[in-house]
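Here is a friendly walk through a model, meant to be read with the structure open beside you.

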Amino acid sequence: MPKRISRTHLVASGGVALLLALAFAAVAEATGDEIVLGAAVSLTGKYSVNGKNTKDGYDLAVERINELGGVKVAGKPYKLKVTYYDDESTPARAAQLTERLISQDGVKFMLGAYGSGLTKAMAPVTEKYKVPHVEGNSAARELFTQGYKYLFAVLSTSDYYLRDAVNLAADVAKEHRKDPKTVKLAMAFENDPFSLDVRDGVLEDAKKYGMKVLIDDKLPPEINDMAATLTKVRAVKPDVLIVSGHEKGAALVVRQTGEMKIDVPMMASTHCDSARIAETMPRLAEGFLCASQWDRHLSYKDRWFGSADDYANRFEKRFNYPAPYQAAESTASVLVYADAFARAGSLDPEKVRDAIASTDMMTMYGPIKFDTTGKNTAKPMVLYQVQGGEYKVVAPKKWAQTKLVWPRKLSQ
Amino acid sequence: MENLRLLFDSPVLSVQLLIDGVLIGAIFALAAYGMALVWGVMGLINVAQGELVMLGGYAAFYLYRARIHPLFGIPLAAAAMFCFGWLLYRLVIFRIVEKDLFISILATFGLSILLQQLANTLFGADVRTAESGFGTLFLFGGAVTVAEIKLISFAAALVTGVFLIQFLRRSRMGQAIRATAQNARAARVMGVDTQRVYAWTFGLNAAICGASGALVAMTWVVHPYLGLPYTVRAFMIVIVAGLGNVTAVLATALGLGAAENFAGFIFGAEYQAAFVFGLLVAILVWRRFWLARERRYLQ
């Protein structure tokens, strides 16, 4: 009896071994002409909407690049592939998954997650393993003050979000033969790293012009009401009101300024396009300025997608919803890799990293060129104004669709 | 100090702050009624209170999308939430009634996380608003504005308060609820179906929270994570006002709303919450001494 069992055992284990060998060979072959990028994105949790935008952006880039024949590295064509995990919108999980992608799945190139908090947790891991990490969805300034060598961001950092609103206010003052010094600012920023970065940028530029800051409120993250701050705004009558508090802050300020009939000639906020203020509250949102990383009407072009508008069309056809900037910047991150692989002529992470560092390219998302800290300094932010219920680019002037309407007309 | 001077220079600002604060307080009052009810009758601290408010907000949002007038949307949201509360009781809450207070806190805390994540999955993380279609009133030549929807919130808080008092006093179920609150075992002996009473109580709580959530959606915004401030404030109001007194709950809530708004104005929004909790500590300390003094008189 025991003899027979051992024989079956032997045959079975032989079979398993054979299967394993075959499977292994198949994997080895598959990775032979495939470059695998790793990504932890938020498919569940509070960033799930933006996480999906991010993933769709990556997927579209990979599909398009493969459709055009993939990437040629040292004369050999490779297809791209992305391995995804769900980071559940939590930084700890993102870091853990990064570790897993690199040490277990053997990924040598990382794409970014959505959100600075998550990237902050992932960057030390990619740094430890010396794995390039190109991201398009984390804008916190402090990510680029840590001396990270492998982290690159294609987007403008958060302190740039509303600098242009200040510049625009200064321009308007000059047009009306006034000294920018006389411009009075009121600001309300959520007490979180992103918005405080935005605040730093605004303060720096306001100082440059010598503008006076009358109100500088920090909204608690669980804010549900801005009545106290807005009452103050009505009392001191500033020329510009600047608000940053993600989608919630944008929706609240539009709604409550409308409701309380707060009349400020210029109002600016971040995240109003993703909060859909023009779509859901067209009357109240009229004249609001919105900061954005990207817009389909900009005249940027690249060899993969054509113009920004072509990209947006292709995206909408593929995923059945209009392309948000979160998707465009994710796509751009993959394009950076495609460009760097070709120039590096090698799949050695170290060489690819150096190639990324010397990137100087144009994409449908905008020009990309990294400074020594790894952030993209070539691309400007854009400012929309809600005009007639639609977002129209009004700054920077070079790409503006239409002129700024000033002062903003209060809806009756 | 700059802000304080501003307040003295134009007293009309104080009127604005007071009105806004009191009207905000009305929404807190609704959530607090429910918490006092559940706490008093079932001996349960419902940490998922804010999540019921959030779900009420989503109910109102979808009713608004279905083009139902908000005046009907508010009671419909409340009705939907009553059913939800009843169901929640039959599924989960009945297991933790009459158990240790700590267990109820833990279980409802878990429930709050579950409801948040479910809402996130079902409704998405986007920030939503429901338009009430109401306008704004101007007082003092336009120096003070009052959104009509906030007046409706205030009226709703009053009406609900009166309804709650009358319901508990006069209706058969109200009497059963009070009997169960006094002594559940005795009520059972007397033939009261306490399980049904508890289910009603929790359903009623969910309905009141649902109405408050509908008002939140029409006054501010709705998203899956808005619950916590409502839970915390309801908790605070109930601690200060006590469990058995609907009028005290309303008064405390309105006072809290006003105090919070003034604090936000004078100290800046970042100290608004800190001020509220400072106030809570101060009131509790003061009440302790006050009670001690009363006790001395009695001796």
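A:Glu88 counts as buried because 20 C-beta neighbours sit inside 10 Å. The cut-offs behind that word are these: a residue is buried with 20 or more other C-beta atoms within 10 Å of its own, exposed with 12 or fewer, and partly exposed in between, the C-beta atoms being placed from the backbone. You will find A:Glu88 in the loop between β3 and α3 (91-103) of chain A. Helices (H or I, at least four residues) and strands (E, at least two) are DSSP runs, numbered from the N terminus.

A word on conventions: the model is predicted, local features need pLDDT of at least 70, side-chain atom pairs count only at pLDDT 80 or more, and totals for chains, interfaces and linings use all residues. Residues are numbered from 1 along each chain as its sequence is written, while chains are lettered from A and ligands numbered from 1 in the order in which they are written.

**Backbone details in chain A**

Most residues other than glycine have a negative phi, and most peptide bonds are trans. The places below are therefore worth a look against that background.

| Site | Feature | Value |
|---|---|---|
| A:Glu88 | positive phi | near 55° |
| A:Asn320 | positive phi | about 65° |
| A:Ala395 to A:Pro396 | cis peptide bond | omega near -5° |
| A:Trp406 and A:Pro407 | cis peptide bond | omega about -5° |

Is A:Asn320 buried or exposed? A:Asn320 is exposed, since 7 other C-beta atoms lie within 10 Å. A:Asn320 belongs to the loop between α11 (308-319) and α12 (325-344) of chain A. As for the prolines, A:Pro396 lies in the segment after β17 (390-395) of chain A, and A:Pro407 is also placed in the segment after β17.

**A lysine in β3**

Strand β3 (residues 76-86) of chain A holds A:Lys79. With 15 other C-beta atoms within 10 Å, A:Lys79 is partly exposed. Beyond its neighbours within four places in sequence, A:Lys79 is in contact with A:Asp33, A:Glu34, A:Asn66 and A:Gly70; a contact here means that the C-beta atoms of two residues, placed from the backbone, lie within 7 Å. From A:Lys79 to A:Glu63 it is 16 residues in sequence and 9.3 Å in space, C-alpha to C-alpha.

**Chain A as a whole**

Chain A contains 13 helices and 17 strands, and its C-alpha atoms fill a box of roughly 95 × 50 × 40 Å along the principal axes. Of the 412 residues in chain A, 54% are buried. Among contacts in chain A between residues at least 6 apart in sequence, 67% join residues at least 24 apart.

How far can you trust the coordinates? The average pLDDT of chain A is 88, and 91% of the residues score at least 70; pLDDT is the predictor's confidence in each residue, from 0 to 100. Over residues 22-30 of chain A, pLDDT stays under 50, and the model has zero contacts beyond four places in sequence for them. Where pLDDT is low, the predicted coordinates should not be read in detail.

**Where the chains meet**

The contact between the chains draws 33 residues from chain A and 33 residues from chain B. On the side of chain A that touches chain B, the elements giving two or more residues are α2 (48-67), β8 (212-219), α7 and α8 (246-259). By class, that side of chain A has 14 nonpolar, eight polar and 11 charged residues. Here Ala, Val, Leu, Ile, Met, Phe, Trp, Tyr, Cys and Pro count as nonpolar, Asp, Glu, Lys and Arg as charged, and the others, Gly among them, as polar.

Helix α7 (residues 227-236) of chain A packs with helix α2 (residues 12-42) of chain B at an angle of about 160°, their axes 10 Å apart. That angle makes α7(A) roughly antiparallel to α2(B). The contact is formed by A:Ala227, A:Ala228, A:Thr231 and A:Ala235 of α7(A) with B:Leu13, B:Gln16, B:Leu17 and B:Asp20 of α2(B). Five nonpolar, two polar and one charged residues make up this contact. Axes are lines fitted to C-alpha atoms, for helices over the stretch in contact, and angles run from 0 to 180 degrees between N-to-C directions; angles under 35 degrees count as roughly parallel, over 145 as roughly antiparallel, 65 to 115 as roughly perpendicular and the rest as oblique.
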